[in-house]
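The structure comes first, then the notes.

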Amino acid sequence: MHPLVVQEKSAPQILVADDSPLFRDMLQKMLLEWGYDVIVVNDGQQAWDLLRQENGPRLALLDWMMPGMEGAEVCRQVRATIRDRYVYIMLLSVRADLEDVVIGMESGADDYIVKPFQVDELRARLRAGRRVLALQEELVEAREALREQATRDGLTGLWNRTAIFDILQNELARSGRTGEPLIVLMADLDGFKPVNDHFGHMAGDAVLRQAAARMRGSVRRYDAVGRYGGEEFLIVLPGCELPKGIAQAERIRDAIGAESFVVSDTEIKLTCSLGAACAMPPAAPHADDLVREADAALYRAKRQGRNRVEAAGPVGQVANLPADC
């Protein structure tokens with residue numbers, strides 16, 4: 001077995017599309033010996049059907065002249081349609097004129113090899129294609145890392161202020177379409193400033209990280225928790241009415257206050273106050289107004305003794321009160 005096969009952690013998948021049974025069998029045998037996981041089809045339509053699947057092959061050898069759909073047309077379809085991943089395509093053809101090569105490359109092919117070809121040449125070009133795919137994966141990972149840095153709070157790992165506000169705006173728009181209510185919670189750690197004053201900012205940071213983890217663990221999978229600033233947090237609860245929102249806020253309050261925060265050998269006891277505001281369709285409050293109401297409810301909780309939950313009425317909705325009220 002060739003050393004390349006031994007070194008592979010998993011066999012790279014490759015699609016071979018050619019209408020010649022003899023040529024297909026030859027390519028399949030060769031590629032298997034080189035350590036590839038080979039998928040073989042005999043026309044362009046089958047090739048296109050496989051490539052456009054969500055987890056379709058990332059590497060393809062396509063004959064130009066095939067029934068159903070020519071290889072060049074498959075290239076054009078891939079480039080026009082597939083956006084979520086890159087597919088490296090090599091066209092195989094007996095056409096050797098420069099004009100044909102240009103047409104093939106302009107169709108979206110990454111490489112072009114003329115039949116009959118040298119075995120070592122094909123192998124080298126496939127290795128080049130795999131390097132291109134590896135680099136593309138690195139670029140995607142780098143882009144995702146940058147996106148993560150742009151949307152996450154560096155200390156707690158929660159959504160940052162901009163991101164959680166964007167989530168709130170999106171959920172408000174969805175609430176307006178579906179008619180489902182939406183709860184916003186503002187949470188603030190009671191008496192946090194003395195932690196920094198007495199134990200230092202490193203201890204304060206550790207407490208914030210632990211508090212963030214407790215909040216994340218107290219909400220549903222599709223709820224969103226963000227650090228709004230300092231020791232203040234914004235929590236978005238889609239599809240939640242006010243009584244359930246208050247119950248969720250109480251679970252968060254219990255999670256914060258039930259156990260001490262442990263920093264090195266020091267135990268620090270803190271509580272949490274929360275304010276809740278509800279958007280109830282068909283009313284369509286602005287995100288700023290909803291946050292403002294939740295913040296006002298939070299400060300009522302602070303004034304009334306802390307370690308409690310207070311709620312605003314449905315924001316932007318006129319209450320239907322009895323005549324004798």
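Helix α3 (residues 44–51) passes helix α4 (residues 71–81) in a right-handed crossing, a crossing being right-handed if the near helix is turned clockwise from the far one by less than a right angle. Helices (H or I, at least four residues) and strands (E, at least two) are DSSP runs, numbered from the N terminus. The model is predicted: local features need pLDDT of at least 70, side-chain atom pairs count only at pLDDT 80 or more, and totals for chains, interfaces and linings use all residues. Residues are numbered from 1 along each chain as its sequence is written, and side-chain values use heavy atoms, without hydrogens and water.

**Helix pair**
- The axes of α3 and α4 come within 10 Å and cross at roughly 20° (lines fitted to C-alpha atoms over the stretch in contact; angles run from 0 to 180 degrees between N-to-C directions).
- That makes the two helices α3 and α4 roughly parallel (angles under 35 degrees).
- G44, W48 and L51 of α3 meet V74, Q77, V78 and T81 of α4 (contact: heavy atoms within 4.5 Å).

**Sheet**
- Five strands form an open sheet with parallel pairing, in the order β2-β1-β3-β4-β5 (two strands pair if DSSP finds at least two bridges between them).
- At the edges are β2 and β5 (111–114), each pairing on one side only.
- The twist averages 20° from one strand to the next.
- Five bridges join β1 (residues 13–17) to β2 (residues 37–41), and V16 stands opposite V40 in β2.

**Helices on the sheet**
- α2 touches β1, β2, β3 (59–63) and β4, and its direction makes about 170° with that of β2.
- α5 (residues 98–106) touches β4 and β5, at about 145° to the direction of β5.

How values were computed:
Angles under 35 degrees count as roughly parallel, over 145 as roughly antiparallel, 65 to 115 as roughly perpendicular and the rest as oblique.
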